[in-house]
Amino acid sequence: MKKWMLLCLACALLLAGCGARDDAGEGKNYADYVVVGFSQVGAESDWRKTNTRSMQEALSEENGYRLIFDDSQQKQERQITAIRNFIQQEVDYIVLAPNTEMGWTTVLAEAKAAGIPVIIVDRRIDVADNELFTCWVGSDFRKEGNTAVTWMEQHFGDRPLKIVHLQGNIGPTAQIGRTGALNAGLAAHDNWELVFRAPGDYTQAKGQELVEQLIRDGVEFNVIYAENDNMAYGAINALKAAGIRPGEDVAIISFDANRAALQMILDGEISLDVECNPLQGPRVQAVIEQLEAGKTPQKFTFVEETFFDADTLTPEIVESREY
Ligand code: AHR
């Protein structure tokens, strides 16, 4: 409970003639809540929406939290403004899902000076001083990319590959890791040719637009490496509209492993989907509980992830998928 909240509560009680009722409802006092400001990247993908929901469910009033949520619409400037607002509001914790790796030093130094712990989720930040944040919880994006490249080696063998690469927006760890792995794969295989690469910003619309343009331009390809499911969905729409069969004429490699994408593996349209786990809310909640108890959380925690293809996936797995 911060000073400004105590002040507001005191004023409210005075205005109410010192009545015993407080505005938090359900017999609760504002002092009972842990206040968290969450700066989210945006709502660019299904993964991101699940990630937001996971955070909102874990940091709920029922669990003792007041969550102030801010959607930056994939703009770092908006995230910096949101963090400054959280500092002004004297929140107890800041949770940041950073859009890009670079550019956080100044604003995180401000949070540190204000004594507010910052928990980074999903992607990493690149700062010279790791003491600017309390800890990080997220995915090993390079490992995800390596999983995809190894699978491609094993399943495509010597077949000549003409690869279309749909990247995320440039700069986040998700893009850097998945692109880095494909670059290593391209360098290691003479039969792998990159015929097109562009950022699709993790959105379905951009993925579709890029592949429609490629088809119009007559570019030949037999693999699409899409850095998330939504771009893969867009690509698949574009292929089907042009009479090209995803999974047969063109292999689709994707990341995230949302339920809809897993169904597309069963339908033979997606060849491989490497999981990116968005359910980070309970992990952040556990970190805050540790901090509240005066403990020191682990600095870096990777969430567990796997991959799915036609050999490993079953209808039961798809049905039981949480997202
Ligand atoms: O950082 C995680 C990535 O961001 C997910 O793969 C993508 O869907 C999201 O928008």
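How far does a polar side-chain atom of Asp122 lie from an oxygen atom of the ligand?

Modeller: The distance from that atom of Asp122 to the ligand oxygen is 2.8 Å. Before going on, note how to read the model. It is predicted, so local features need a pLDDT of at least 70 and side-chain atom pairs count only at pLDDT 80 or more, while totals for chains, interfaces and linings use all residues. Numbering runs from 1 along each chain as its sequence is written, and side-chain values use heavy atoms, without hydrogens or water.

Stay with Asp122. The residue lies in strand 4, residues 118–122. Strands here are DSSP runs of E with at least two residues, helices are runs of H or I with at least four, and both are numbered from the N terminus. Asp122 counts as buried because its relative accessible area is 2%. Buried means under 20%, exposed means over 50%, and partly exposed lies in between, using a 1.4 Å probe and protein chains only. The backbone of Asp122 has a phi near 70°, a positive value in a residue other than glycine.

For Asp256, a polar side-chain atom is 2.6 Å from an oxygen of the ligand. For Arg48, an N or O atom of the side chain is 3.1 Å from a ligand oxygen. The cut-off for such a polar contact is a pair of N or O atoms within 3.5 Å; within protein, one must be able to donate a hydrogen and the other to accept it, and residues adjacent in sequence count only if both atoms are side-chain atoms. On its own, the ligand has 280 Å² of accessible area, and the protein covers 100% of it. Such areas come from the Shrake-Rupley method with a 1.4 Å probe; for residues, only the protein chains shown count as cover.

Who else lines the site? The residues around the ligand include Glu44, Ser45, Trp47, Arg123, Phe141, Ala174, Arg178, Tyr202 and Asn228.

Now look at Gln175. This residue is in helix 6, residues 173–188. Gln175 is buried, since its relative accessible area is 6%. Its contacts include Tyr202, Gly180 and Glu227, leaving aside neighbours within four places in sequence. Contact means heavy atoms within 4.5 Å.

Step back to the domains. Domain 1 covers 5–137 plus 278–292, and domain 2 covers 141–276 plus 309–320. These bounds come from an automatic or database domain assignment. The C-alpha centres of the two domains are 34 Å apart. Their contact takes 12 residues from domain 1 and 17 residues from domain 2.

Gly37 sits in strand 1, residues 34–40. With a relative accessible area of 0%, Gly37 is buried. Gly37 touches Ile68, Phe86, Val91, Tyr93, Ile94 and Val95, not counting residues up to four places away in sequence. Glu90 is in the loop between helix 3 (76–88) and strand 3 (93–96). Glu90 is partly exposed because its relative accessible area is 26%. Its phi is near 55°, a positive value in a residue other than glycine. Arg283 belongs to helix 10, residues 281–292. Arg283 is partly exposed, at 32% relative accessible area. Beyond neighbours within four places in sequence, Arg283 is in contact with Val137, Asn277 and Val303.

Last, the whole protein. There are 11 helices and 12 strands. Of its 323 residues, 51% count as buried. The C-alpha atoms fill a box of roughly 75 × 40 × 35 Å along the principal axes. The protein exposes about 14,400 Å², with carbon and sulfur atoms supplying 50%. Of the contacts between residues at least 6 apart in sequence, 72% join residues at least 24 apart.

How far can you trust it? pLDDT is the predictor's confidence in each residue, from 0 to 100. The protein averages 93, and 91% of the residues score at least 70. Residues 6–22 have a pLDDT below 50, and this stretch has 14 contacts in the model beyond near neighbours in sequence. Where pLDDT is low, predicted coordinates should not be read in detail.

Technical notes:
A residue is near a molecule or strand if one of its heavy atoms lies within 4 Å of it.
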